[in-house]
Amino acid sequence: MTTKVAVVGATGTMGRLVSRLVDASDDFELVASLSSKDPLSDMLVAEVVVDVTLPGVSQSVVDFAVANGLNVLVGTSGWSSDRIISLEHLLADVDGVGVVIIPNFSIGSVLATSFAATAARFYESIEIIEAHKSSKVDSPSGTAVRTAELIGRSRAAIGPVIAPHADQRARGQQVASVPIHSLRMQGVVAKQDVVFGGTGETLTLSHETLSETSYEAGILLALAAVRTAEGVTVGLDRLIDLT
């Protein structure tokens, strides 16, 4: 039995990719493709909503879907910890509805972030440099924020990283004490380096997206998971076995 899907943000790069994957799948049926000009009520013909809009729009899409009992897969950046906590409180009073938030659909990116969280316990000096295409409207990226948050969680028992002169603008934006430096450039799809500094050495964990096709496996995995999701799930790492 197929699951009916509505894609919100269907005219964007990610929206077109998700729509193509849904169309090609035997498990899903694309029943609504919404652009910024379409009313959100157009999604009500679906069973599952995919939000690949913009940071300023995403929350309203999710709120509308949840209010109407629809599960949502969020592929939009900009979901901070505070927004996620608010969403968790909202869903605590809603039975049988789930939201899956995926900062990055790339399996390689998720693995690199997991490795970074592990390495964070062994280094006190850690910074992130992330690069995306010039048209990306938000910074730092959702992937960088997620990486920094997991690094902070990994270091909870030993304290924040060392980030000297963090008050200077050129030192980047701190998330969970980790400085993040964002590049927005032509010729780039997506790239992230997590640099660890230790006594007499540095370690760099690097992941680069060369094509949007790298997101396909993660999108299909997340689509399968959102059908039966309840509550809030954050990160593709929650959907794959990293043990």
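This is a predicted model: local features need pLDDT of at least 70, side-chain atom pairs count only at pLDDT 80 or more; totals for chains, interfaces and linings use all residues.

Mentor: Start at Val66, which sits in helix H2. Is Val66 buried or exposed? Its relative accessible area is 4%, and anything under 20% counts as buried, so Val66 is buried. Now look at what surrounds Val66. Leaving out residues up to four places away in sequence, Val66 touches Leu90, Leu91, Val94, Val97 and Val99. Arg155 is another matter. Val66 and Arg155 are 89 residues apart along the chain, and their C-alpha atoms are separated by 34 Å.

H2 covers residues 55-67 and packs on a sheet. There it touches S1, strand S3 (48-51), S4 and S5. The direction of H2 makes about 175° with that of S3.

Next, the sheet itself. It is open and has 6 strands, in the order S2-S1-S3-S4-S5-S11. The pairing is parallel. Which strands lie at the edges? They are strand S2 (28-34) and strand S11 (231-234), and each pairs on one side only. On average, neighbouring strands of this sheet are turned by 20° against each other, direction ignored. Take one pair as an example. S4 and strand S5 (residues 98-101) run parallel and are joined by 3 bridges. Val74 stands opposite Ile101 in S5.

Follow the chain on from S4. Gly75 lies in the loop between strand S4 (71-74) and helix H3 (81-91). Setting aside neighbours within four places in sequence, Gly75 is in contact with Asp51, Val52, Ile102 and Phe105.

An unreviewed UniProt entry lists Gly9, Ala10, Thr11, Gly12, Thr13, Met14, Gly75, Thr76 and Ser77 under "binding site". Of these, the lining of the largest pocket includes Gly9, Thr11, Gly12, Thr13, Met14, Gly75, Thr76 and Ser77.

Find it in the loop between strand S1 (3-8) and helix H1 (13-24). Its relative accessibility is 11%, so Ala10 counts as buried. Beyond its neighbours within four places in sequence, Ala10 is in contact with Gly15, Arg16, Ser19, Ser33 and Leu34.

Now move to another buried residue. Glu130 is found in strand S6 (residues 125-133). What is its relative accessibility? It is 0%, so Glu130 counts as buried. Look at its side chain. Glu130 makes a polar contact with the side chain of Arg184, at 2.9 Å. A polar atom of the Glu130 side chain also lies 3.0 Å from the backbone nitrogen of Ser141. Neighbours within four places in sequence aside, the contacts of Glu130 include Pro140, Ala144, Ile180, His181, Lys191 and Gln192.

Strand S9 spans residues 190-198, and strand S10 spans residues 201-209. These two strands run antiparallel, joined by 9 bridges. Val195 has Thr204 in S10 as its bridge partner. S9 and S10 form a hairpin with 2 residues between them. In the turn, Gly200 has a positive phi of about 75°.

Keep both arrangements in mind. Strands of a sheet pair through backbone hydrogen bonds, either parallel or antiparallel. S4 and S5 show the parallel kind, whereas S9 and S10 show the antiparallel kind.

Definitions and conventions: Residues are numbered from 1 along each chain as its sequence is written. Side-chain values use heavy atoms; hydrogens and water are left out. UniProt positions are given in the numbering used here, feature names are shortened, and annotations may be inferred rather than shown by experiment. On a 1 Å grid over the protein atoms alone, a cavity is a set of points where a 1.4 Å probe fits but cannot get out, and a pocket is an open set with protein on both sides within 12 Å along at least five of seven lines; lining residues have an atom within 4 Å of a point. Helices (H or I, at least four residues) and strands (E, at least two) are DSSP runs, numbered from the N terminus. Buried means under 20% relative accessible area, exposed over 50%, partly exposed in between (1.4 Å probe, protein chains only). Contact means heavy atoms within 4.5 Å. Two strands pair if DSSP finds at least two bridges between them. Axes are lines fitted to C-alpha atoms, for helices over the stretch in contact, and angles run from 0 to 180 degrees between N-to-C directions. A polar contact is a pair of N or O atoms within 3.5 Å; within protein, one must be able to donate a hydrogen and the other to accept it, and residues adjacent in sequence count only if both atoms are side-chain atoms.
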